[in-house]
Structure formats: structure tokens, C-alpha cells
Amino acid sequence: MKNIVAVVGVRPNFMKIAPFISEIAKYPEDFKAKLVHTGQHYDYKMSKVFFEDLDLLKPDYYLGVGSGSHSEQTAKVMIGFEMVLEKEKPDLVVVVGDVNSTLACALTSAKLRIKVAHIEAGLRSFDRDMPEETNRQVTDVLSDYLFTPSQDANENLKREGISSEKIFFVGNIMIDTLMRYRDKAEKNKIKEDLGLIKENYALLTLHRPENVDRKDALTQIFSAIEDLQKRIKIIYPIHPRTKKKIEEFGLKDEVGSMKNLILTPPLSYIEFLRLMLEAKLVLTDSGGIQEETTFLSIPCLTVRNNTERPITVDIGTNIIVGKSPEKIIEEAFHMLNGNLKRGEIPPLWDGKTAKRIVEILIRRR
Ligand code: UD1
């Protein structure tokens, strides 16, 4: 029997851990898994609603770390997580993604000489201005199992000197969740509630510090949105970080005055998937949404200068547009004029990633 502790902390972690938890539960003789929620995200709409949507059981431990500076948040997770590890004495800790909770739990485990598995290993933006890049590099160097979503990730890891024996190309675990919940999303009523017509609206999300923590950057992006909403209705669920910044920078009236920009609170997984399924295009600075739109064949404009998910650009529907309003508008109008980027689904984004991961863990027991 192998004891596993799996970790979540923020909104995009829940859809990555859910398929793993449900797959590992099929082998009660081999594995016992406990779930730890660090509490990095804590609002109902950033956390609990995802447990409900994704049929996740209540976590076994909730560390309640909340918000704070990077060091404060990372340190609080480490202190709380060390106590869990002392009590549970697991054989393996499973972390996902690239957030502060991922790094903190990988580091705590490595210090106690507990093996770490990283799901979504090897992604690199090559941009240390992004806090996630540090989290990715440190987590990967500490991990014993590196489960990658695409071959480019394998190449990155090998280049950094990580032994090929630890690297497993298993595909994209978020796609397991998307495929599992697609039917449920199709029945969700949010599209009707917002009065939307298929392919007559765009979806917008923004939360990266590089875009939303600086007034000049945020103002520039909104100047592009101002033009774009004259052409197409835009649905914009606001991340709490961005909401705070819009208020702090005195941009609330300006954003609120755009007639065709529909502001909503953060949406649940099922609601957002419902809206993505029939959107004409998506504008985002999120990582996961670049992948989901590629899988769904929905055109995506990424409001960043780079991506750690180049496969979504190389063979998917993603275009990196940068942050200049002129470029955002040019590409968005180009798409609205019918020049939609068509793509293919990357290898092993097939709904069986969790199964492949668990099979590897069984073989290596
Ligand atoms: C974090 C991750 C980021 C991920 C994102 C997904 C890091 C370094 N960043 O960014 O990689 O893409 O989650 O959403 O780990 N807040 C609330 N309620 C909440 C959570 C946050 O109001 O439930 C507000 C707080 O003001 C907080 C701010 O959002 O200070 C930022 O939260 P934080 O967890 O530090 O980072 P995110 O921007 O959410």
C-alpha cells in the first residue's frame, strides 16, 4: 500500500487534480490518497464551487493560508504542509501546475526526503518576470516523477539536465476533466441567462500581475477592449486580483461604461466551459484557457508576450498578440472578419492522462 498526499491551492489546480483523485480511487488495495487544500484561494467562487462542479470530496486538510506576498504565502504553506507530512508520512506527494502552493509543497516534501510527482511538468515561458516560471523550475528540479503534457516539455527538462528516467509524457490532465464534464456544461443555462447567441460573443479573462498590477498596462488593454466591444459583445468574468486593481487605479467607471462589455463575478468551471464552447473567440492571459480553447478549436488571442504552452500556438488555435492595443485590435478584427485560426488537438490530449499517470505509479511501486 502506497500512501499519497495530493495538493491543491488555487482555482486552476482543481481541474488538474480531480481526474487523478478519481483514477487513484480505483485501486484501493494499492493506494490510499489524502487531499490537502492550502487555501491560497479561498472565496467560494474561486474554490468551493469547483469542488461541487468536479465532484471532489472535501479536502482532508485545509491549511487556510490565504493571500500575502510571495514569501509570506509560500512560507505559510510550508509550515502547514510540514505538519501534514509529519502526521501522514506519505510515500509520495503529488503537486500540479505552477503556483506558489505547488512550489511550497514540493520544497517541503523534498526537505523531508519524500518523493514528489509533478503533474504538468516541464512547461517554460523563459520569462522570470512571471512568478510561475520560478515555481516551475524549482518544482521540476525537486521532483522524482515529471509528468509532461507535451513533447516540448520533455525537451525543456532534458536541456536542464533532468534524467530521462524521471520524465513521462502522459498528455494534458485538464483535458480529462474537460471531456468528462462537457455534456454537463452543454446543459448549463448561463448562456441563456446572459442572453447570448452562439458565436455572437467573445470571452475575456485577465489576471496576470504583469497585465493587471500596472495601471499603464491595464489601461492599454482596456483601450483595446473599448474598441472591440463596439464590434462584438464581450463577457468578462473578473478575477478578484483584477477587481481590486481596477478599483485602486480608478478605472471602475471607465470599465463599467462600456455598453457591450458584460462584467460578471468569477464563474464556475461548468459555467465557463459552457461559454467557451460557443464563443466566437477568447481573449485571455491564462495558461489553461490557451489549452482548453485549442482542444475545443475555439480561436484564442493571448494577451502576453510569450507562452509556456507553445504547442497551442504551433498546432492549436492560439495566437500570442502581446499587449499593444493596436495589435490586439488588429488580430481580433482579422478573426471577426472570418480569418479564424484552425488547429489540431495535440497528441495525448485524449482524456486518458490520469490513467497513464496511475499506471506508471503502479509499475514503479
Ligand atoms: C494565482 C497564481 C497564478 C494562477 C492564478 C489563478 C501564484 C504565484 N499565482 O494568482 O499562477 O494563474 O492563481 O487564478 O501562485 N483573492 C481573493 N480571493 C481569493 C483568492 C485571491 O480575493 O479566493 C485576491 C486577493 O486580493 C489576493 C489576490 O487575489 O491578494 C491574488 O491572489 P494570489 O493567490 O496571490 O494570486 P493570483 O493572482 O490569484
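How many helices and strands does the secondary structure of the protein come to? The model is a predicted one, in which local features need pLDDT of at least 70 and side-chain atom pairs count only at pLDDT 80 or more, while totals for chains, interfaces and linings use all residues. Residues are numbered from 1 along each chain as its sequence is written, and side-chain values use heavy atoms, with hydrogens and water left out. The secondary structure comes to 17 helices and 13 strands, where helices (H or I, at least four residues) and strands (E, at least two) are DSSP runs numbered from the N terminus. The radius of gyration of the protein is 20 Å, close to the 21 Å that the globule rule gives for 365 residues, so the protein is as compact as a globular protein of that length; the radius is taken over C-alpha atoms, and the rule is 2.2 Å times the number of residues to the power 0.38.

**Overall build**

- Taken along the principal axes, the box that the C-alpha atoms fill is roughly 60 × 40 × 40 Å.
- Of the 365 residues, 58% count as buried, a term that means under 20% relative accessible area, with exposed meaning over 50% and partly exposed in between (1.4 Å probe, protein chains only).
- Among the contacts with a separation of 6 or more, 71% are accounted for by residues 24 or more positions apart, a contact being heavy atoms within 4.5 Å.
- The mean positions of the 54 positive and 53 negative charges are 2 Å apart; Lys and Arg count as positive and Asp and Glu as negative, while His and the chain ends are not counted, and the place of a charge is NZ of Lys, CZ of Arg, CG of Asp or CD of Glu.

**Strands and sheets**

- An open sheet is formed by 7 strands with parallel pairing, in the order β3-β2-β1-β4-β5-β6-β7, where two strands pair if DSSP finds at least two bridges between them.
- At the edges of this sheet stand β3 and β7 (167-169), each with a single partner strand, so one side of each is left without a neighbour in the sheet.
- Strand β1 (residues 2-8) runs parallel to strand β2 (residues 31-37) and is joined to β2 by 7 bridges, and Asn-3 stands opposite Lys-32 in β2.
- Strand β9 (residues 233-237) has 4 of its 5 residues buried, so β9 is largely enclosed by the rest of the structure.
- Strand β8 (residues 201-205) pairs with β9 in the parallel sense over 3 bridges, and Leu-203 has Ile-235 in β9 as its bridge partner.
- Strand β10 (residues 261-264) runs parallel to β9, with 4 bridges joining them, and Leu-263 in β10 is the bridge partner of Tyr-236.

- Gly-66 lies in the loop between β3 (61-62) and α3 (70-88) and is buried, with a relative accessible area of 13%; not counting residues up to four places away in sequence, Gly-66 touches Gly-39, Gln-40, Tyr-42 and Gln-73.
- Thr-108, in helix α4 (residues 100-111), is buried at a relative accessible area of 3%, and beyond four places in sequence Thr-108 touches Met-78, Phe-81, Glu-82 and Leu-85.
- Glu-291 is found in helix α14 (residues 287-296) and counts as buried at 2% relative accessibility; the residues that Glu-291 touches, leaving aside those up to four places away in sequence, include Leu-123, Asn-172, Arg-309 and Trp-349.
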